[in-house]
Amino acid sequence: MKRILIIGASGAIGTALAETYHSKGWQCAGLSRKAQGLDFTQEQTIAAAMATVTGPFDTIVVATGALTLDGVGPEKTIKAATAQTMAAQMQVNAIGPALILGRIGALLPRDRPARVAVLSARVGSIGDNRLGGWVSYRAAKAALNQILRTSAIELARSHPQLSCFALHPGTVDTPLTRPFSAKYDARPPAEAAARLHDVIEARGPHETGQFFDQNGSIVPW
């Protein structure tokens with residue numbers, strides 16, 4: 001039986017991914033703030049939560065992220081950015097996943113294909129930025145993409161059959177996105193998870209270190 005670990009398992013996308021993989025016969029393990037006290041603002045909780053699971057896992061998905069923190073949503077202009085908001089976004093959307101990526105090598109097989117997908121966001125793409133705004137969130141996701149790219153290079157040395165990549169899930173109807181997604185065609189979590197499953201499990205080691213959207217197309221950095 002194949003095994004998947006979902007980090008951020010209690011969120012809308014994480015829950016839907018677990019249901020999708022379970023329906024396909026996978027054994028699903030999850031880590032979350034709700035169940036294991038995993039809190040990206042408290043570094044010690046990351047190691048403690050990771051210690052509760054035992055590998056190897058065929059697939060690991062980091063399905064964490066936040067648009068609004070401490071009641072502060074994305075800025076409309078750079079003039080609205082504050083040091084506190086930017087630091088909070090970096091902590092949750094870049095630093096937290098980096099600390100996860102630094103610990104997952106021991107949970108992955110070295111002798112067969114495996115996949116690590118980290119949910120990012122298209123707005124973190126520097127090349128695709130045509131609108132401006134959302135500077136703190138964009139910057140945090142851009143940082144996450146660089147962290148992912150670096151991690152993929154390093155993990156390939158010890159796990160040559162691994163595909164480690166960033167993944168834009170599309171606009172999903174969740175409490176996280178609902179205040180900002182009125183003008184977009186937001187998909188229900190179950191539909192989004194089915195698409196993400198297909199994209200994740202189609203990736204091979206030759207595609208490690210890349211950035212894909214929910215259709216499997218490459219997103220520019």
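Let me start with the contacts of Q91. Setting aside neighbours within four places in sequence, Q91 touches F40, T41 and G96. Bear in mind that this is a predicted model. Q91 sits in helix α4, which covers residues 83-101. Is Q91 buried or exposed, or something in between? Its relative accessibility is 26%, so Q91 counts as partly exposed, the range between 20% and 50%.

Next, a helix pair. Two packed helices are described by the angle between their axes and the distance between the axes. For α1, residues 12-23, and α6, residues 189-202, the angle is about 65° and the axes are 8 Å apart. The crossing of α1 and α6 is right-handed. On the α1 side, the contact is made by A12, I13, A16, L17, T20 and Y21. On the α6 side, the residues include P189, A193, L196, H197 and I200. By class, the contact of α1 with α6 has eleven nonpolar residues, two polar and one charged.

Now the rings. How many aromatic pairs does a search of the whole structure find? Four.

Last item: R203 lies over the face of F212, 4.5 Å from the ring centre.

Note on methods:
Residues numbered from 1 in each chain as written. Predicted model: local features only at pLDDT ≥ 70, side-chain atom pairs only at ≥ 80, totals over all residues. Heavy atoms only, no water. Axes fitted to C-alpha atoms, helices over the stretch in contact; angles between N-to-C directions. Helix = DSSP H or I, 4+ residues; strand = E, 2+ residues; numbered from the N terminus. Left-handed = near helix turned anticlockwise from the far one by under 90°. Contact = heavy atoms within 4.5 Å. Nonpolar A, V, L, I, M, F, W, Y, C, P; charged D, E, K, R; others polar. Phe/Tyr/Trp six-rings, centres within 6.5 Å; stacked < 30°, edge-to-face > 60°. Lys NZ or Arg CZ within 6 Å of the ring centre and 35° of its normal. Buried < 20%, exposed > 50% of the residue type's maximum accessible area, 1.4 Å probe, protein only.
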